[in-house]
Amino acid sequence: MWPILHTSLLMLVLFEYAFSSTASSSHFSSTCELQGQFHLNGMHKAGDVVLGGLFQIHFFTTFPDLSFTSKPQQLTCNGFDVLGFRQVQTMTFAIDEINRNVNLLPNVTLGYSLFDNCLTLGVGFRAALALLNGQEEQITLNKTCVGSPPIVGIVGDSSSRSSIAISSVLGLYRVPMVSYFATCSCLSDRQKFPSFFRTIPSDAFQVRAMIQILKHFGWTWAGLLISDDDYGLNAARSFQTDLSLSGAGCLAYLEVLPWEKDTTELKRIVDVMKKSTARVVIVFAHENQIINFMEEVVRQNMTGLQWMASEAWTASAVLQTPHLMPYLGGTLGIAIRQGEIPGLKDFLLQTRPDLLHNNSYENSILVYYLEKVNFTTSFGDRVSFDAKGDALPIYDVMNWLWLPDGRTEIQNVGEVKISEFKGEELIIDEDKIFWNLESKKPPHSVCSENCLPGTRMVRRKGEPECCFDCIPCSEGKIINITNSLECISCPEDFWSSPQRDYCVPKKTEFLSYQEPLGICLTAASLLGTCICAVVLGIFTYHRRTPIVRANNSELSFQLLVSLKLCFLCSLLFIGRPRLWTCQLRHAAFGISFVLCVSCILVKTMVVLAVFKSSKPGGGANLKWFGAMQQRGTVLVLTSIQAAICTAWLVSSSPTPFKNTQYYDDKIVYECVVGSTIGFAVLLGYIGLLALLSFLLAFMGRNLPDNFNEAKLIIFSMLIFCAVWVAFVPVYISSPGKYADAVEVFAILASSFGLLLALFGPKCYIILLRPERNTKKAIMGRGIKS
């Protein structure tokens, strides 16, 4: 009823222009005679300006037998529609209110000519032609043979199908048609329907409003029933497109309701619905189709569904019966905006549903002025049309309430509208909604449950996208987006939790001071350092004894210091790698060991020189191995290694690196050597000095002496070389922290080997066999062992 009042008020804009542009013209004898009339149910009132109207007063039409052998009988309409009759009365009330208001149309009486369309295209089209042509037996044309329609415009039709057919004809003559109920989005095409307007939002907005309700309640799996006409087919097209674009869900089925009572087809549709898991059913259809359909629903006793009604049947009183409410109770529907019209209730209570017959028409006008309409009613609603002839969209959300005493009530539970600032907006009061279910709560209607965190969606072949399976994400990946097709990889430094529902920091691995292996290696390093300090103390205390002096005490002291540095440098390989430790560890290791091996090499050379000097003519050899020459040789040899380390650090310095290649769930902190060539040259130089020391010592292994240090050097170099030859392949094949552990072990093993081999026998004599620590014993003339 609310859009009817709006529609009637809109026509007022035309009336003022109608009289201002009507010019008197002379007439001549040309006349037109009406050849015949359709029998139409109508309601008429004479006036200076007449407004036409098409309304649904009956649901069904009975057609006579069309044998084409004689003039057919008139059709008859049956199935009284209370809502349609109220709409007719609302329009007559609005016109009476306009006529009583002297400020609106002074000295002009507004009339009407209203027809029943019987919810049938043929009847509605006949009524529209009757309004367009008039029903006078004879009319006289002006000298140009052009006449104006006897009506200023038509309010109607109620259905989209009829409005499409009628507007396509009325548009040829620019006769405005303002519908209060036709919602098909196709009617917004101004090329096809230039004179069509409507005060109800189009289905394009109605579909989006329903999708918002589906999203609000989490209904992603729904069925759709439509009428077999432009209204239903266009709604289905919009629904499928918008539902897919919004990602709000999918349709479990799409069925077309027949116009006639086709029992077989209706039974098939109900069977499809019963087999489906969808608990929500959306219906874009007309009352007469739903009446036939609900008979089959009742026959099969199909309950437990949540119905959603389009505006075509949301307020249908004929469906709100005790017989149907067990099935339709709790229906949510999109309804035309409602409002209270003062005086209308009393007017309707005094009205009898009799259709009167009276004919009186006048001509009226240009659609141009109707397009300029923009006003606010006394109730606060703004009325205007956009470029497509559509009014500002707003719908009420209605709920069919089934009261305990058996009465039915349709209550407003919300609204859907387009806000100037917020866009499309759904406002709904869930506490007021009546749910016709045992749980008294909103139904659960999904094809597949949302995938839980830690799983991803795999669509089922041949089924809608809302039907899917959920499979666990692989390690290192999670899923936080509901129903995503792909799992999300955790950042590089993170790993998935056991449930794959969130990312956790990866465990870090490096040779730590807190773990048993790190503790053991640290203890060994400190033990070696302490032993070196003790040996250094012993040698210092007994520095004047023959055994210390005979074995080049200065080089022995340098060797002990270098061994101490070798033990300490191993600590740089323990702990979280940092830039300075990565750069320092190999440089300290390389220089310390070159210093150590250089001292051994010089010791070996001195031993050989001493024994050669004891032979005739060999004294000249000793001048090349004085204290200064020994220090200089050690310094030069060590400086070469320092130069190698410097070049390596400058060209391609070792750096800390987070290695994620060894393990998926761990980050291995390690030092990359930067330049493999630099590392190889460093090790190669140490090996070269060690090999040279071994060869020289081997040459002096048989020199006569009771205490020949060359033998100790040979033994120490064998240990040293064996350790580092074994180190290379083990180091290369060891992952992560174990590579550092291997290198530390090699440093400690070779350092302990040198320390024990070179200084163990000497400390044994100094501490436990002092009788052998004499010059005679050393020269082989003392106590025999």
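Reader: Which residues line the largest cavity?
Author: This is a predicted model, where local features need pLDDT of at least 70, side-chain atom pairs count only at pLDDT 80 or more, and totals for chains, interfaces and linings use all residues. Residues are numbered from 1 along each chain as its sequence is written, and side-chain values use heavy atoms, without hydrogens and water. A cavity is a set of points on a 1 Å grid over the protein atoms alone where a 1.4 Å probe fits but cannot get out, and lining residues have an atom within 4 Å of a point. Here the lining is Gln56, Leu119, Ser158, Ser159, Ser160, Phe181, Tyr231, His286, Glu287, Glu311 and Ala312.

Reader: What volume does the largest cavity have?
Author: The second largest cavity holds about 60 Å³ of space. For the largest cavity, the volume is about 90 Å³.

Reader: Which helix gives the most to the lining of the second largest cavity?
Author: That lining consists of Gln56, Asp81, Leu83, Gly84, Gln87, Ser158, Phe181, Glu287 and Ala312. With three residues from the stretch 82–100, the leading helix is H2.

Reader: Which proline follows the bend in H18?
Author: Phe727, where H18 bends by about 30°, is one of the buried residues of this helix (buried means under 20% relative accessible area, exposed over 50%, partly exposed in between, with a 1.4 Å probe and protein chains only). Others among them are Phe720, Val723, Trp724 and Tyr731. Within four residues after the bend comes Pro729.

Reader: What is omega for the cis peptide bond at Asp157?
Author: Asp157 sits in the loop between strand E8 (154–155) and helix H4 (160–170). The cis bond joins Gly156 to Asp157, with omega at about -5°.

Reader: Where is Arg174, and how does its accessibility class come out?
Author: You will find Arg174 in the loop between H4 and strand E9 (177–179). Its phi is near 55°, a positive value in a residue other than glycine. Because its relative accessibility is 45%, Arg174 counts as partly exposed.

Reader: How much of the protein is made up of buried residues?
Author: The protein has 20 helices and 29 strands. Of its 785 residues, the buried share is 50%.

How values were computed
1 Å grid on protein atoms, 1.4 Å probe; cavity = no way out; pocket = protein on both sides within 12 Å on 5 of 7 lines; lining within 4 Å. Points joined across faces, edges and corners; volume = space filled by probe spheres on them. Helix = DSSP H or I, 4+ residues; strand = E, 2+ residues; numbered from the N terminus. Bend = angle between axes of the 7 residues up to and from the residue.
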